[in-house]
Amino acid sequence: MTTRPRDLTRFALLSIATAVAVFALKLVAWWVTGSVGLLSDALESIVNVVAAVGAFVALRVAAKPADAGHNFGHTKAEYFSAVFEGVLIVVAAVIIVVSAIDRLLNPRELEDVGLGLGISIGATALNGAVGLFLIRAGRKHRSLTLEADGKHLMTDVATTVGVVIAVFLVAWTGWLPLDPLIAIAVAINIMVVGFGLVRRSGAGLMDSALPDEQRAAIDAVLDRHRAEGIVFHDVRTREAGHERFVQLHMLVPGDWSVQRAHDLAEVVEGELHDAVADLNVTTHIEPVNDPRAYEDWRLD
């Protein structure tokens, strides 16, 4: 059984619109105050715009059905987008650190702090709402691209919160180095998030097996039919984007008709599909009394 690709680009369009609006707001906040923290915050938002466009392209590609050149579909495009976004997060963090170090060496008084902070807080509220929405949508539809985009927006929220606190404290205490120091601390935090996205995406590109929870659900279905004297072996799993794959050998009595074996395979595949959403099942039927049927594909 196979699943049809789904079009999630509407979520990416929301992300693009949000990223552009937030970038414009943060740019105004920086222009008003002259804060390096707010400047670094605006620079990260440029990355958000680029990442959102990348996510849109990836989701468009992932939604394409299988074709002659891509027999298993295009869902792995989401992993490339998530890697790209993770790298951009790290790049944004580096830019923030560089800007902050420059401001440490060249302190500057802040201006119109109240107006600048108000604009930044408004941008943060918008980012936070859309970021949480995208994370939930990504988990619901098992889209790493949407989840990565949402997490990217939430790192932007963390950045802005830190920057707003820093700018407020600078205005209150008059200690100018606090502005760039907070910016550096926030940059380190979002860098960790970026590396995490890259690592998770790399695992998907390497055809990692399904998580234990999904594998246990698959085994539960197979165990029910093993009790009826059917043998299953060489069960292998992987996932690509929101789609999951399992291939297995099903051994039945050699005197069964092809029709009977096929009917049982349909039942097993149907139960597997009900147990694990978006599961593509490939079943190889063999006679249980043939020693060759117990040979596994080599794993080394």
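**Exercise 1.** Is Arg224 buried, partly exposed or exposed, and what is its relative accessible area?

*Solution.* The structure is a predicted model, in which local features need pLDDT of at least 70 and side-chain atom pairs count only at pLDDT 80 or more, while totals for chains, interfaces and linings use all residues. Residues are numbered from 1 along each chain as its sequence is written, and side-chain values use heavy atoms, with hydrogens and water left out. Buried means under 20% relative accessible area, exposed over 50%, and partly exposed in between, with a 1.4 Å probe and protein chains only. Arg224 has a relative accessible area of 46% and is therefore partly exposed.

**Exercise 2.** Identify the salt-bridge partner of Arg224 and state which elements the pair ties together.

*Solution.* A salt bridge is a side-chain nitrogen of Lys or Arg within 4 Å of a carboxyl oxygen of Asp or Glu. The side chain of Arg224 meets that of Glu271 at 3.2 Å, N to O. Because Arg224 lies in helix α7 and Glu271 in helix α8, the pair ties together parts that are 47 residues apart in sequence; helices (H or I, at least four residues) and strands (E, at least two) are DSSP runs, numbered from the N terminus. Glu271 is partly exposed, at 24% relative accessible area.

**Exercise 3.** Describe the network around Glu147 and the accessibility of its members.

*Solution.* Glu147 forms a salt bridge with Arg139 at 3.6 Å, N to O, and another with Lys151 at 3.5 Å, N to O. Through these shared partners Arg139, Glu147 and Lys151 are joined into one network. Lys151 and Glu147 both lie in helix α5 (residues 144-173), four residues apart, about one turn of the helix. Glu147 is buried at 6%, Lys151 is partly exposed at 26%, and Arg139 is exposed at 53%.

**Exercise 4.** Work out the order of the sheet and the place of its edge strands.

*Solution.* Three strands form an open sheet with mixed pairing, in the order β1-β2-β3, where two strands pair if DSSP finds at least two bridges between them. The edge strands, each pairing on one side only, are β1 (231-240) and β3 (279-287). Strand β2 (residues 243-252) pairs with β3 in the parallel sense over nine bridges, and within this pairing Arg244 stands opposite Leu279 in β3.
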